[in-house]
Amino acid sequence: MSKFGQRTRATILSGIFLLLPACQIITEQADKNESYGEYYLALQQLSDQQLSQEVLKQQASIDSEATAATTTESSYDQQIKLLILYSLPASPIYNSFNAKALLNEMKKEGNNAAFATINPSEQAFITLLRDQLNQRLLMRNRLLTQQQVQQKRALEQQQQLLEQVQLLEQTIKQLKNIEQAIDKRDQ
């Protein structure tokens with residue numbers, strides 16, 4: 001290979017190595033500029049394994065912020081993303097109770113400090129998410145109440161059937177006694 005070819009190749013490689021960190025910074029900035037709605041939609045496209053990895057990533061970020069004992073805009077962002085993961089039905093950690101608890105916790109902390117830095121459309125998304133979680137929990141409570149009522153009715157019906165069976169068994173026993181008495185009288 002000629003000196004010119006080697007120099008060109010070295011220049012291209014060094015340029016690539018210089019641009020790689022810039023690509024990572026751009027990706028990180030894109031993640032920060034991604035709206036929560038876009039994040040939610042992106043999560044819906046992930047496989048179970050990718051969702052699990054995302055959960056671990058968000059949880060690790062929150063844990064590292066907690067050990068630093070500082071609450072920053074970044075830690076609120078991670079908490080909101082974890083909240084969205086709890087709210088996503090396909091998520092391996094889907095749990096509307098945990099999502100609502102986390103949302104309530106963030107609402108309590110520092111007079112809504114978690115939501116003070118996000119724009120109104122993002123706040124609207126979080127409000128919609130809160131409303132959806134409330135509806136899910138209300139619906140779940142209604143279903144549990146209905147299930148308890150149905151179980152109570154089923155137990156009452158079962159008890160009535162047992163009483164009827166006992167009554168029928170007594171009637172059968174009485175009829176057998178009558179039959180035996182008639183047979184003895186006929187002998």
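**Core, helices and charge pairs**

Tutor: This is a predicted model. Start inside: leaving out residues up to four places away in sequence, Leu83 touches Ala99, Leu102, Leu103, Met106, Leu129 and Leu133.

Student: Which residues touch the most other members of the largest nonpolar core?

Tutor: The core in question has 25 residues. Three of them touch the most other members: Leu83, Ile84 and Phe115.

Student: Which element gives the largest share of this core?

Tutor: The elements that give two or more residues are helix H2 (36-44), H3, H4, helix H5 (96-108), helix H6 (113-116) and H7. The largest share is seven residues, and it comes from H4.

Student: Is Ala99 buried or exposed?

Tutor: Ala99 sits in helix H5. Not counting residues up to four places away in sequence, it touches Leu83, Tyr86, Ser87 and Leu133. The relative accessible area of Ala99 is 0%, and buried means under 20%, so Ala99 is buried.

Student: What distance separates the C-alpha atoms of Ala99 and Ile80?

Tutor: Along the chain, Ala99 and Ile80 are 19 residues apart.

Student: How many salt bridges does a search of the whole structure find?

Tutor: One joins the side chains of Lys57 and Glu54. Another links Asp77 with Lys81. Asp131 and Arg130 also meet in a salt bridge. The search of the whole structure finds three.

Student: Why are Lys57 and Glu54 separated by about one helical turn?

Tutor: An α-helix has 3.6 residues a turn, so residues three or four places apart point the same way. Lys57 and Glu54 both belong to helix H3 (residues 48-67). They are about one turn apart because their spacing in that helix is three residues.

Student: Lys57 and Glu54 meet in a salt bridge. Which of them is buried?

Tutor: The N to O distance of the pair is 4.0 Å. Lys57 has 43% relative accessibility and counts as partly exposed. At a relative accessible area of 12%, the buried residue is Glu54.

Student: Where do Asp77 and Lys81 lie?

Tutor: The closest N and O atoms of this pair are 3.6 Å apart. Both residues are buried. They are four residues apart, about one turn, and both lie in helix H4 (residues 73-87).

Student: What is the N to O distance between Asp131 and Arg130?

Tutor: Asp131 is partly exposed, at 35% relative accessible area. Arg130 is partly exposed too, at 24%. Their side chains form a salt bridge, with N to O at 3.3 Å.

Student: Why do the buried residues of H3 line one face of the helix?

Tutor: The buried residues are Leu51, Glu54, Val55, Gln58, Ile62 and Glu65. The face turned away from them carries the exposed residues Gln49, Leu56 and Thr67. Seen down the axis of H3, the buried residues line one face because they fall within an arc of 100°.

Student: How far does H3 reach from its first C-alpha to its last?

Tutor: H3 has 20 residues. At 1.5 Å a residue, 28 Å is expected. The helix comes close to that, reaching 28 Å.

Student: Which element has the lowest mean pLDDT?

Tutor: The protein averages 81, and 76% of the residues score at least 70. Helix H7 (residues 120-186) has the highest mean, 93. Over residues 18-30 pLDDT stays under 50, and the model has zero contacts there beyond four places in sequence. The lowest mean, 49, belongs to helix H1 (residues 3-33).

Conventions: Residues numbered from 1 in each chain as written. Predicted model: local features only at pLDDT ≥ 70, side-chain atom pairs only at ≥ 80, totals over all residues. Heavy atoms only, no water. Buried < 20%, exposed > 50% of the residue type's maximum accessible area, 1.4 Å probe, protein only. pLDDT = per-residue confidence, 0-100. Contact = heavy atoms within 4.5 Å. Core = buried A, V, L, I, M, F, W, Y, C linked by side-chain atoms within 4.5 Å. Expected span 1.5 Å × (residues − 1). Arc of directions from axis to C-beta.
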